[in-house]
Amino acid sequence: MVCRPLSNKAANEHCSCSSSAANDDATDEEKRRLSEKFAVHRRLVPLVAQNEDSLLFLNAASAPPSNLIVHEAVTRYAAEALYELYPFGTKWQQTREAARALVARCIGAEAPSTVAFTRDTTEGLGSFIRCFPFARGDNAVIIDTEHPNMVYGFLALRGAGLEVRQVPTAGGEEEKGRTGPIDAVDAETLRPYVDERTRVIGLSSMSFDSGQHHDIAGICAAFRPREIHVLVDLTQQVGFAPLDVQALGISAGAFSLHKGLHCPTGLGALYVSPKAFAELGGDPVPPIVSMAAARNLREDLLVRADEPVDWYPDARRFEHANVSLVAVAAAEAYARFYLDVLGPADVAAHLYGLTDALAREAGRLGIPVVGPGRRGRRAPHICVLGVDPGKWGPYFKGVGGLKVTVNRLGVRVSFGFYSSIDDVKRFVRVLELGIARELPVRAVP
């Protein structure tokens, strides 16, 4: 039987959480300001704003619903394609450079030139992985719960002699002999696996499945002085929380723009720090070379083999000529909205308030939260509840209009800027009904 998520009125009758309790670290005035601000902006997402009694979208970490900011940008792009003479030549290229500058602001990069547009996170990670210098017998260090797109990128180099070392961090998986708590990774977690042959460390800043916020700054401080590169998947941080890649000290970072930055799929970005670019040998060769990588491309597009090529001396060397310009138009519009209207710090505070409230209510029901509870060691938008996925998964599927992610740890709930405390209340009621059916929870160390 399929049931609908409870209406706000029904949920409020059973849930004790409130918007004023959603952010314990804020003053009452600040709580009120954030609540009112994001209640207004929720209207920009019709899927949630117009279906509050029939739909409960809690899956922003996978891909959020679109919004009117992006819709307007895509519609404008389509109109320009219909009615303007070759906007590709000037207007859309200008939009691409404006978007590059805004994306650089989103991550705190030194300059727009340190950012290349890619197809997605995979292409960005792979471009760097295929360029860092190593000799047979050198090693890369990753964690055992890293996203597959990072892991496979390194595993593909084993045939060339790269050793890939996986650090055990899974926690709670008794069949693998690891039963400790799931916590954020720091330099001390990695240190036993790093030696004089380590050339690169690869990990996410915020974990996609359990929501840890790893100590990237501490890891870079410990290992970058040893000329060990730190490659970071930034996908779950960009658009959800403030970010300063210079302060972190990373070598490179890649991310897709269809999650926190709400763009259509098919657009990502690769950041390469100037210092790391120089350490790649001074003249790194991308795995796929596009004419966009050459600064001295002739207007007639003829390339002479007897003339030197002037490659871009920065991340733009990794960019292809044909990126998704419709996604670029969306990126320019939404990144500006995120930076200048929403504000990264306000977004993070709003999201922390929602995950705090959900964790508190889950605890009241006897449902444990997987992963670290302290802010700074967890992502602001992700809360993983330790329920039995085999029993709760079918139950969640039977709740019509509910969208969450059931994974190896339980259920991952993830919020966006459009989410509200009423969404938390309605989901808590779903949890209460599951508990009433005696669905099991999991013991989390």
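This is a predicted model: local features need pLDDT of at least 70, side-chain atom pairs count only at pLDDT 80 or more; totals for chains, interfaces and linings use all residues.
## The largest pocket

The largest pocket holds about 430 Å³ of space. Its lining consists of 17 residues. Nearest the centre of the pocket lie Gln93, Arg96, Ala292, Leu297 and Ala321.

Sorted by class, the lining of this pocket has 8 nonpolar, 6 charged and 3 polar residues.

## Two cavities

When the whole structure is searched for cavities of 30 Å³ or more, 2 are found. The largest cavity contains about 50 Å³ of space. Its lining is made up of Pro64, Gly239, Phe240, Lys259, Gly260, His262, Tyr334, Val347, Leu351, Gly416 and Phe417. In this lining, 6 residues are nonpolar, 4 are polar and 1 is charged.

The second largest cavity has a volume of about 40 Å³. Around this cavity are Ile143, Thr145, Glu146, His147, Ser204, Ser207, Phe208, Gln212 and His214. Here the lining divides into 6 polar residues, 2 nonpolar and 1 charged.

## Helix 2 and helix 12

Helix 2 covers residues 28-41, and helix 12 covers residues 325-342. The axes of these helices come within 13 Å and cross at roughly 150°. Because angles over 145 degrees count as roughly antiparallel, helix 2 is roughly antiparallel to helix 12. The crossing of the two is right-handed.

On the side of helix 2, the contact is made by Lys37, Phe38 and His41. Helix 12 contributes Phe337, Val341 and Leu342. By class, the residues of this contact are 4 nonpolar, 1 polar and 1 charged.

## Helix 6 and helix 7

Helix 6 runs over residues 121-129 and helix 7 over residues 148-155. Their axes come within 10 Å, with a crossing angle of roughly 30°. Angles under 35 degrees count as roughly parallel, so helix 6 is roughly parallel to helix 7. The crossing of helix 6 and helix 7 is right-handed.

Thr122, Leu125 and Ile129 of helix 6 take part in the contact, together with Asn149, Met150, Gly153 and Phe154 of helix 7. This contact has 4 nonpolar and 3 polar residues, and no charged ones.

Terms used: Residues are numbered from 1 along each chain as its sequence is written. Side-chain values use heavy atoms; hydrogens and water are left out. On a 1 Å grid over the protein atoms alone, a cavity is a set of points where a 1.4 Å probe fits but cannot get out, and a pocket is an open set with protein on both sides within 12 Å along at least five of seven lines; lining residues have an atom within 4 Å of a point. Grid points are joined across faces, edges and corners, and a volume is the space filled by probe spheres set on the points. Ala, Val, Leu, Ile, Met, Phe, Trp, Tyr, Cys and Pro count as nonpolar, Asp, Glu, Lys and Arg as charged, and the others, Gly among them, as polar. Axes are lines fitted to C-alpha atoms, for helices over the stretch in contact, and angles run from 0 to 180 degrees between N-to-C directions. Helices (H or I, at least four residues) and strands (E, at least two) are DSSP runs, numbered from the N terminus. Angles under 35 degrees count as roughly parallel, over 145 as roughly antiparallel, 65 to 115 as roughly perpendicular and the rest as oblique. A crossing is left-handed if the near helix is turned anticlockwise from the far one by less than a right angle, and right-handed if clockwise. Contact means heavy atoms within 4.5 Å.
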